[in-house]
Amino acid sequence: MTNTANIAKGLEGVLFTESKLTFINGSEGILTHLGIPIQEWAENSTFEELSLALLEARLPTAEELARFDADLKANRAVPQSLLDVIQAMPRGVHPMQALRTAVSYLGLLDAQAEETTEEARRAISVRMIAQFATVIAAINRAQEGQEIVAPRMDLTHAGNFLYMLTGKEPTQEQARLFDIALVLHADHGMNASTFTAIATASTLSDMYSCITSAIGALKGPLHGGANEAVMDMLDEIGTPEKAAEYIGGKLDRKEKVMGVGHRVYKYFDPRSRVLRDYAEHVANKEGKSQYYQILETIERVVVERIGSKGIYPNVDFYSGTVYSDLGIKKEYFTPIFALARISGWCASVIEYTRDNRLLRPDARYIGETDQHYVPLQER
Ligand SMILES: CC(=O)SCCNC(=O)CCNC(=O)[C@H](O)C(C)(C)COP(=O)(O)OP(=O)(O)OC[C@H]1O[C@@H](n2cnc3c(N)ncnc32)[C@H](O)[C@@H]1OP(=O)(O)O
Ligand SMILES: O=C([O-])CC(=O)C(=O)O
């Protein structure tokens, strides 16, 4: 019999579970983790603290945070055989492909990989949060034909990542700015990649399978891949004077502008406001970059023309300028999103599997009925 329930295309607005981690009010542009506004996390916290808070679903004590930080540091190094795999990857592959492969390989080296108890999932999460930084930086170095830089234990997670990526110790301001970007990207409710991680987890599969699935989902340009796509668009526009006409033309042709629009936010994504403020701060200090000026114009034109449809800048709109000011190439913007989102993925998998139920929705069948097999020679 045909299922006559309404189809929730894109699962829009469908609630499939409960969560204590993240709340979003899309019409007012509000985002909180554990009830605390994202702006407060960005201003006062660190990626390490927010990661632990998400894993535990509560604010940690100073002692717990110090222990977690020490655990992360102790897990920064990755096995040489993984570095060999990264070195052997073909040149010119997209770093998200390389990350997906490297994380999958990391699972082969983890003796606990097949364990799916909450305790094992948590221990693996700590290793993955720590090692994503080393893996992404190593992919960048190997792809550039440069020597891989070993992690340092005296730097923060953000500072150490920038150090491993560039081979140079970042300034305190650079490390803090990057830390804030990680905080802003760490979790965001039931976004497509977190949902994908949970869908895999719901079959009681292992953490590495959950996270490689999530990396694949994040990569697409409608989700995390939009930050790189924004930069492609800025490069195509070229100069600020051309921005208004270029975007106007896109909107006339009903083409999508990357970095704007969101399934949940129908107003400014609050993370885009924090990132814009930092991009502006850097622009005012060092002279407005072309990128920043182009983005200002795109934001104005988009809000004027389609703001009434609820289309405003999302998190991917300004993040790229911040990263490019830090000297990071655009192909690494989405891996950096993964570097932050690993915490949200792990925390969400742990939370969901505590009271697991296999995810298995349905599709309304609209194909033929009452048919019989026709031999090949009769078709
Ligand atoms: C980290 C993240 O994942 S944030 C999102 C990153 N993705 C992007 O930046 C890619 C660009 N944005 C988009 O493609 C979309 O806004 C999405 C996929 C993110 C959300 O889209 P949906 O919730 O499916 O919105 P939907 O497609 O229903 O759009 C509603 C209307 O706004 C328009 N619209 C939505 N996004 C855009 C956009 N980026 N540019 C121009 N118009 C847009 C649609 O054409 C539609 O117009 P219509 O009603 O006249 O047909
Ligand atoms: O929530 C979403 O759909 C996409 C998003 O902004 C994120 O994952 O950060």
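Glycine 327 follows helix α15 and has a positive phi, near 85 degrees. Helices here are DSSP runs of H or I with at least four residues, numbered from the N terminus. This is a predicted model, in which local features need pLDDT of at least 70, side-chain atom pairs count only at pLDDT 80 or more, and totals for chains, interfaces and linings use all residues. Residues are numbered from 1 along each chain as its sequence is written, while chains are lettered from A and ligands numbered from 1 in the order in which they are written.

Let me stay with α15, residues 315–325. Of its 11 residues, 10 are buried, so the helix is largely enclosed by the rest of the structure; buried means that 20 or more other C-beta atoms, placed from the backbone, lie within 10 Å of the residue's own. Among them are Phe317, Tyr318 and Tyr323. The buried residues pack against α8, α11, α13, α14 and α16, contact being C-beta atoms, placed from the backbone, within 7 Å.

Helix α8 (residues 172–185) also packs with α7 (residues 157–166), at an angle of about 110 degrees and with the axes 8 Å apart. Axes are lines fitted to C-alpha atoms over the stretch in contact, and angles run from 0 to 180 degrees between N-to-C directions. That makes α7 roughly perpendicular to α8, a term covering 65 to 115 degrees. Ala158, Gly159 and Leu162 of α7 meet Gln174, Ala175, Phe178, Asp179 and Leu182 of α8.

Technical notes. Helices (H or I, at least four residues) and strands (E, at least two) are DSSP runs, numbered from the N terminus. Angles under 35 degrees count as roughly parallel, over 145 as roughly antiparallel, 65 to 115 as roughly perpendicular and the rest as oblique. Two residues are in contact if their C-beta atoms, placed from the backbone, lie within 7 Å. A residue is buried if 20 or more other C-beta atoms lie within 10 Å of its own, exposed if 12 or fewer, and partly exposed in between; C-beta atoms are placed from the backbone.
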